[in-house]
Amino acid sequence: MIRDPETFNILLDTLRRFVRERLIPAEQQLVDSDEIPPAIIAEMREMGLFGLTIPVEYGGLGLTTEEEALTSMEMCRASPAFRSIAGTNNGIGSQGIVIDGTDEQKKKYLPRLASGELIGSFALTEPGAGSDAGSLTTSARRDGDHYVVNGAKRFITNAPEAGVFTLMARTDPQSKDASGVSAFIVERATPGLTVGKPDRKMGQRGSHTADVIFDNARVPAANIIGGKEGMGFKTAIRPAGRRVSAGAGDARRLPDRDFRRAQHDAGSRAQTRQRRERDYGSVVLQVLRL
Ligand SMILES: Cc1cc2nc3c(=O)[nH]c(=O)nc-3n(C[C@H](O)[C@H](O)[C@H](O)COP(=O)(O)OP(=O)(O)OC[C@H]3O[C@@H](n4cnc5c(N)ncnc54)[C@H](O)[C@@H]3O)c2cc1C
């Protein structure tokens, strides 16, 4: 659903200009350095792109799923790595807290995810648990006011950059399926948590995945999402709709980009780039928060 087409079109126009004038020209640098230029991340933060889906009361733009899909399609006119760095904050890295989090958890983490101060990451997959995610073996054992976490996660997007992880771990050791899995908010500085070297992938330069290892990591019991055990898998699956809406952008990119390349090769893309308006990001933020 698009709630206010006029206001929303301002956001899309702004994004379109940002992609054309800032992201596409930075693509070669992204490929060469395997890193999104920090200045671009700063601009993305300023424009509110890390909080597209986070409710307005927590500092986000509170977009609907349709609105998010359309913004994703604009973002993905440039390399998907640019969308991906904010993608976890807008999807699986925040929506578990948005949907199931306690008031304290929402107040503590959502504003920092919305502003992009914290990069969120979602840790479900393991070396032995991929498609069958409910069979995961990472354990979380209650010990007083904490849970002690042991296990390894694999292919975790944005792990090298993450300030906070949504972790899926088994709290009921007797269970064999998803019913015994709980979700935790785990801060990067947690003792016993280490992030491996970024994986070497065939593509997606600038978007990083890595292993995340938990070795007797002590996570406060207050950080179990929803305040109780067994909500993990439900939390993992419910943001899937958000992932699909973001995926709309990735899916559109290939034909769109091929077309642009063909145009470029034919020499018909000789437009002069207009100077970027300095304050367009904050204008959009202000309009959308009205
Ligand atoms: C770039 C990238 C980023 C990722 N980011 C994250 C992340 O941020 N967080 C996270 O938790 N995970 C992440 N993942 C992991 C991803 O979710 C898993 O790769 C995915 O769930 C598949 O698991 P797997 O790789 O172990 O493959 P497997 O589950 O081993 O599957 C291998 C193949 O077997 C097929 N298959 C599996 N089971 C069946 C079945 N029962 N019947 C028929 N066919 C079957 C699959 O379709 C697939 O083709 C990422 C992966 C990649 C590549």
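Two strands pair if DSSP finds at least two bridges between them. By that criterion, β3 and strand β7 (residues 209–220) pair in the antiparallel sense, over nine bridges. The structure described here is a predicted model.

**Strand pairing**

- Strand β2 (residues 139–143) runs antiparallel to β3, and five bridges join the two.
- Within this pairing, R141 stands opposite V148 in β3.
- The hairpin of β2 and β3 has two residues between the strands, and G144 takes a positive phi near 65° there.
- β3 also pairs with β7, again in the antiparallel sense.
- H146 stands opposite P220 in β7, while the bridge partner of V149 in β7 is A217.
- Strand β6 (residues 193–195) is joined to β7 by three bridges, and these two strands run antiparallel.
- L193 stands opposite F214 in β7.
- As a general point, the side chains in a regular strand alternate between the two faces of the sheet.

**Surroundings of the ligand**

- The residues that surround the ligand are F122, A123, L124, T125, G130, S131, F155, I156, T157 and T209.
- Two elements, β1 (120–123) and β3 (146–157), each give two or more residues to this shell.
- The largest share of the shell comes from β3, which supplies three residues.
- Sorted by class, the shell has five nonpolar and five polar residues, and no charged residues.

**Packing of helices α1 and α4**

- Two packed helices are described by the angle between their axes and the distance between the axes.
- Helix α1 (residues 5–23) packs with helix α4 (residues 65–75) at an angle of about 20°, and their axes are 9 Å apart.
- Because angles under 35 degrees count as roughly parallel, α1 is roughly parallel to α4.
- The crossing of α1 and α4 is right-handed.
- On the α1 side, the contact is made by F8, L11, L12, L15, R16 and V19; on the α4 side, E67, L70, T71, E74 and M75 take part.
- The residues of this contact of α1 with α4 comprise seven nonpolar, one polar and three charged.

Technical notes
Residues are numbered from 1 along each chain as its sequence is written. This is a predicted model: local features need pLDDT of at least 70, side-chain atom pairs count only at pLDDT 80 or more; totals for chains, interfaces and linings use all residues. A residue is near a molecule or strand if its C-beta atom, placed from the backbone, lies within 6 Å of it. Helices (H or I, at least four residues) and strands (E, at least two) are DSSP runs, numbered from the N terminus. Ala, Val, Leu, Ile, Met, Phe, Trp, Tyr, Cys and Pro count as nonpolar, Asp, Glu, Lys and Arg as charged, and the others, Gly among them, as polar. Axes are lines fitted to C-alpha atoms, for helices over the stretch in contact, and angles run from 0 to 180 degrees between N-to-C directions. Angles under 35 degrees count as roughly parallel, over 145 as roughly antiparallel, 65 to 115 as roughly perpendicular and the rest as oblique. A crossing is left-handed if the near helix is turned anticlockwise from the far one by less than a right angle, and right-handed if clockwise. Two residues are in contact if their C-beta atoms, placed from the backbone, lie within 7 Å.
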